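Please read it alongside the sequence and the model.

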Protein chains: 2
Amino acid sequence: MKFETFKKMVNLSKKAISRELFLENRERIKIKKEGVAVKNLEKIFEAALKISNKKGFSAMSLRELSSEAGLSMGALYTYFSSKDELLDMLQAMGRAVAMRTLIEQISDLTGTQERLRHAIQAHLYLSEVMQPWFYFAYMETKNLNRQEHKKAIEAELFTEKVFSEIIEEGVAEGLFRSVDTALLAAMIKAMLQDWYLKRWKYRRRSVTVEEYATFITGFVEAYLLASGK
Amino acid sequence: MKFETFKKMVNLSKKAISRELFLENRERIKIKKEGVAVKNLEKIFEAALKISNKKGFSAMSLRELSSEAGLSMGALYTYFSSKDELLDMLQAMGRAVAMRTLIEQISDLTGTQERLRHAIQAHLYLSEVMQPWFYFAYMETKNLNRQEHKKAIEAELFTEKVFSEIIEEGVAEGLFRSVDTALLAAMIKAMLQDWYLKRWKYRRRSVTVEEYATFITGFVEAYLLASGK
DNA sequence: GTCTATATCTGGATAGAC
DNA sequence: GTCTATCCAGATATAGAC
């Protein structure tokens, strides 16, 4: 699948993401009209990621956020009741969208090798569509409260498990040679994360997300299909 | 080489690192007696990394640093003249120690495959000895001023180049098959970085740094030595 | 629903005693 | 060299007008 096809398929426009955010947090948001709320959340969300990814969430002042989002300080506080709550909202919302999309993408596929390729591709494409959020989530994990931090770790281990299970299946089938599946899955994760953590590098070198996906797939398969040793 | 042997060889005790820090910044530090300065810098350095790695440098208050380091606010300011300068000092110092050690380690080795293995191992072992600094440097890069930021990028690309040059050499010799060396080198970097960025994961799984080094070496060699495709 | 104005507190930084 | 006390800018958060 081409990246553009994927993008249309998952249909993760900024507005769609903001609507998710609104619905997920209906109880704590004071605004009642969905249209207004979604429009403003979209602005807050985008502005918060932009500033945080430049200087870190804790260094972002709410004045700055207010000016970047085009809303007053007072208005901001009708969408969340503290800066920490904003952090949790951003984190929880993005994670919910990402996890749901991933699960949708990786189910209903047959053939071990096909599934491995597709899982790698889906992870990469998704992190490309939601790049600012993925970068943010990675960099701010340590600033979350205990509960949210735990969920972030679980999400990392869950997506890793997607890979280790496919690999184990391939080993059981005799398709792949026997390897340390946990370590290999961790390495796949690390490589997938590099794509959104070091965008400057790959952009500078004009590497497309498709090329990157193809490279990783080839790299991993060479290891799994290697003859001896 | 075993990790413990490496550790003794490079002799990077905390005190040694602090002495470097003192010598590198002699002009901006007001304290004249080397003994006093090194002892306190050691405390400041360790405390700053500890707090920053927990909550981020910008969220660390100097009062907190002062209490963790066991020095008053006033005393802190005889070692640096602003919080930003402290950030730059930490960054510059660690980078200088790391780069020098790496260059020492990777020179004077013959045999392409041997050099590749050794480079991977040296990077990992070094990041293990200086783990708090490596984690800090990665997470705080975006908060550096333009000049320091540029140097951090250069250091990343320099170490990447170490790998791509060895690989290119191997390809020229006909030892390795022809691959995208830039991408492969970037992937090696990403995997090496995961070791110090996600220590919790590898500790939880009781993976030793030697095992990790062996795994990556095998992974990369399988790709470089793969037959067809 | 949104704004402006303001209360309150915490942070970085420094002066001056010892 | 180090400490305590203090200044003041800038932060989060809220009150009340519109």
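Helix 4 (62-69) of chain A, together with helix 3 and helix 5 (73-76) of chain B, each supply at least two residues of the surface near DNA strand D; helices (H or I, at least four residues) and strands (E, at least two) are DSSP runs, numbered from the N terminus. This is a predicted model, in which local features need pLDDT of at least 70 and side-chain atom pairs count only at pLDDT 80 or more, while totals for chains, interfaces and linings use all residues. Residues are numbered from 1 along each chain as its sequence is written, chains are lettered from A and ligands numbered from 1 in the order in which they are written, and side-chain values use heavy atoms, with hydrogens and water left out.

- Of the 20 residues around DNA strand D, the nearest are Leu62(A), Arg63(A), Tyr77(A), Lys32(B) and Lys33(B), where a residue is near a molecule or strand if one of its heavy atoms lies within 4 Å of it.
- Sugar or phosphate supplies 59% of the atoms of DNA strand D within 4 Å of the protein, and bases supply the rest.
- Tyr79(B) places a polar side-chain atom 3.3 Å from a phosphate oxygen of DNA strand D.
- By residue class, the surface near DNA strand D divides into nine nonpolar, six polar and five charged residues. Ala, Val, Leu, Ile, Met, Phe, Trp, Tyr, Cys and Pro count as nonpolar, Asp, Glu, Lys and Arg as charged, and the others, Gly among them, as polar.

- Of the atoms of DNA strand C that come within 4 Å of the protein, 59% are accounted for by sugar and phosphate.
- The backbone reaches phosphate oxygens of DNA strand C through an N or O atom of Ser72(A) at 2.9 Å and through one of Met60(B) at 3.4 Å.
- An N or O atom in the side chain of Arg63(B) is 2.7 Å from a base oxygen of DNA strand C.
- Two or more residues of the surface near DNA strand C come from each of helix 3 (34-55) and helix 5 (73-76) of chain A and helix 4 (62-69) of chain B.
- The residues of this surface near DNA strand C comprise nine nonpolar, six polar and four charged.

**Contact between chain A and chain B**

- Chain B contributes 45 residues and chain A 44 residues to the contact, defined by heavy atoms within 4.5 Å.
- About 3,600 Å² is buried between the two chains, 68% of it from carbon and sulfur atoms; buried area is the accessible area (1.4 Å probe) that two parts lose on being put together, summed over both.
- Within chain B, Lys142(B), Phe215(B) and Phe219(B) lose the most area to chain A, together 19% of what that side buries.
- Eight salt bridges cross the interface of chain B and chain A, each a side-chain nitrogen of Lys or Arg within 4 Å of a carboxyl oxygen of Asp or Glu.
- One salt bridge joins the side chains of Lys201(A) and Glu156(B) (2.7 Å, N to O).
- Helix 10 of chain B gives the largest share, ten residues, of the side of chain B that touches chain A.
- That side of chain B consists of 25 nonpolar, seven polar and 13 charged residues.

**Fold of chain A**

- Chain A has twelve helices and zero strands.
- The radius of gyration of chain A, taken over C-alpha atoms, is 19 Å, close to the 17 Å that the globule rule gives for 229 residues, so chain A is as compact as a globular protein of that length; the globule rule is 2.2 Å times the number of residues to the power 0.38.
- Along the principal axes, the C-alpha atoms of chain A fill a box of roughly 65 × 35 × 35 Å.
- The side chains of Glu34(A) and Arg19(A) meet in a salt bridge (3.0 Å, N to O). This pair links distant parts of the chain, with Glu34(A) in helix 3 and Arg19(A) in helix 2 (residues 14-24) of chain A, 15 residues apart.

Technical notes:
Polar contact = N/O pair within 3.5 Å; in protein donor to acceptor, adjacent residues only side chain to side chain.
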